[in-house]
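Work through the exercises below with the sequence and the model open side by side. Each task is followed by a solution in steps.

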Amino acid sequence: MLLPMLIVISRWQDNAGECAMVHTLVPSDRVEAAAVYGRDGEKIGTIERLMLEKKAGTVSYAVVKCGGFLKGETHHYPLPWNSLKYNVARNAYEADLTLEELRSGRSELDGEAFDWGDRSPVYQYPQYWTV
C-alpha cells in the first residue's frame, strides 16, 4: 500500500534580523490561544479549541473564547473554520464579523452544558454561519 506523500512548503523569512521557517501547516497547539480579530479591527477573543470532523479529518469550526478576567464573564462561540483568515502581519486570525455580531449567535455559558458536537438543524444561527 502506498501512502500519500505530504509536502510542506517552507521558506525562510527575515523578521528583525531573525530567520524563522514558515510552513503552510500549523500544529493545533499553536492555533489554540491564537488571537481572533473582527472586521472592525477589535479583538474578539482567542481560539479555545478546534472541532474536527472525525471521518474527513478536517477542521469544522473553532471555539472562540471571549471575555474573562478583567472583561467580565467568559463566553465561547463557534465560528466556522473557513470563515477565519490568517493574517501573517498580525500573527492572528481575522473574522468577517464584529464581537457584537458574534454575541448575537449561539454561545456556551454553563461549562459542559453545551454540546459542541451537536449542529442539528434545531439550532438557528445568524446568516453568517451558513456556507
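The exercises concern a predicted model and go from the overall layout to individual side chains.

**Exercise 1. Layout of the chain**

Task: State how many helices and strands the chain has, and in which order they follow each other.

Solution. Step 1: Counting gives 2 helices and 8 strands. Step 2: Reading along the sequence, the order is β-β-α-β-β-β-β-β-β-α. Step 4: Of the contacts with a separation of 6 or more, 36% join residues 24 or more positions apart.

**Exercise 2. Confidence along the chain**

Task: Find which strand has the lowest confidence and which has the highest, and locate stretches where the pLDDT is below 50.

Solution. Step 1: The chain has a mean pLDDT of 75, with 60% of its residues at 70 or more. Step 2: Confidence is lowest in strand 1 (residues 10–15), where the mean is 46, and highest in strand 3 (residues 35–37), where it is 97. Step 3: The pLDDT is below 50 over residues 1–14, a stretch that has 19 contacts in the model beyond near neighbours in sequence. Step 4: Residues 121–131 also have a pLDDT below 50, with 17 contacts beyond near neighbours in sequence.

**Exercise 3. Strand 8 and its partners**

Task: Determine whether strand 8 pairs in the parallel or antiparallel sense with strand 3 and with strand 7.

Solution. Step 1: With strand 3, the pairing is parallel and has 2 bridges. Step 2: With strand 7, the pairing is antiparallel and has 4 bridges. Step 3: Follow Glu94 through both pairings: Glu94 is the bridge partner of Tyr37, and Glu94 also stands opposite Lys85. Step 4: The hairpin of strand 7 and strand 8 has 4 residues between the strands, among them Asn91 with a positive phi.

**Exercise 4. Positive phi outside glycine**

Task: Explain what sets the phi of Ala33 and Asn91 apart, and decide whether each residue is buried or exposed.

Solution. Step 1: Most residues other than glycine have a negative phi. Step 2: Ala33 is not a glycine, yet its phi is positive, about 85°. Ala33 sits in the loop between helix 1 (28–31) and strand 3. Step 3: Asn91, also not a glycine, has a positive phi of about 55° and belongs to the loop between strand 7 (84–87) and strand 8 (92–95). Step 4: Exposed means over 50% relative accessible area. Ala33 has 60%, so it is exposed; Asn91 has 55%, so it is exposed.

**Exercise 5. Salt bridges**

Task: List the salt bridges in the whole structure and place their residues.

Solution. Step 1: Side chains of opposite charge can pair when their charged atoms come close. The search finds 3 salt bridges.

Step 1: Arg39 pairs with Glu101, with 2.7 Å between the closest N and O atoms. Arg39 is in the loop between strand 3 and strand 4 (43–52) and Glu101 is in helix 2 (residues 99–103), so this pair ties together parts 62 residues apart in sequence. Arg39 is partly exposed at 48% relative accessible area, and Glu101 is partly exposed at 27%.

Step 2: Arg90 pairs with Glu94, the closest N and O atoms being 3.4 Å apart. Arg90 is partly exposed at 34%, as is Glu94 at 26%.

Step 3: Glu100 pairs with Arg103, where the closest N and O atoms are 3.1 Å apart. These residues are 3 apart in helix 2, which means that about one helical turn separates Glu100 and Arg103. Glu100 is exposed at 53%, whereas Arg103 is partly exposed at 41%.

Terms used
Residues numbered from 1 in each chain as written. Predicted model: local features only at pLDDT ≥ 70, side-chain atom pairs only at ≥ 80, totals over all residues. Heavy atoms only, no water. Contact = heavy atoms within 4.5 Å. pLDDT = per-residue confidence, 0-100. Buried < 20%, exposed > 50% of the residue type's maximum accessible area, 1.4 Å probe, protein only. Salt bridge = Lys/Arg side-chain N within 4 Å of Asp/Glu carboxyl O. Pairing = 2+ DSSP bridges.
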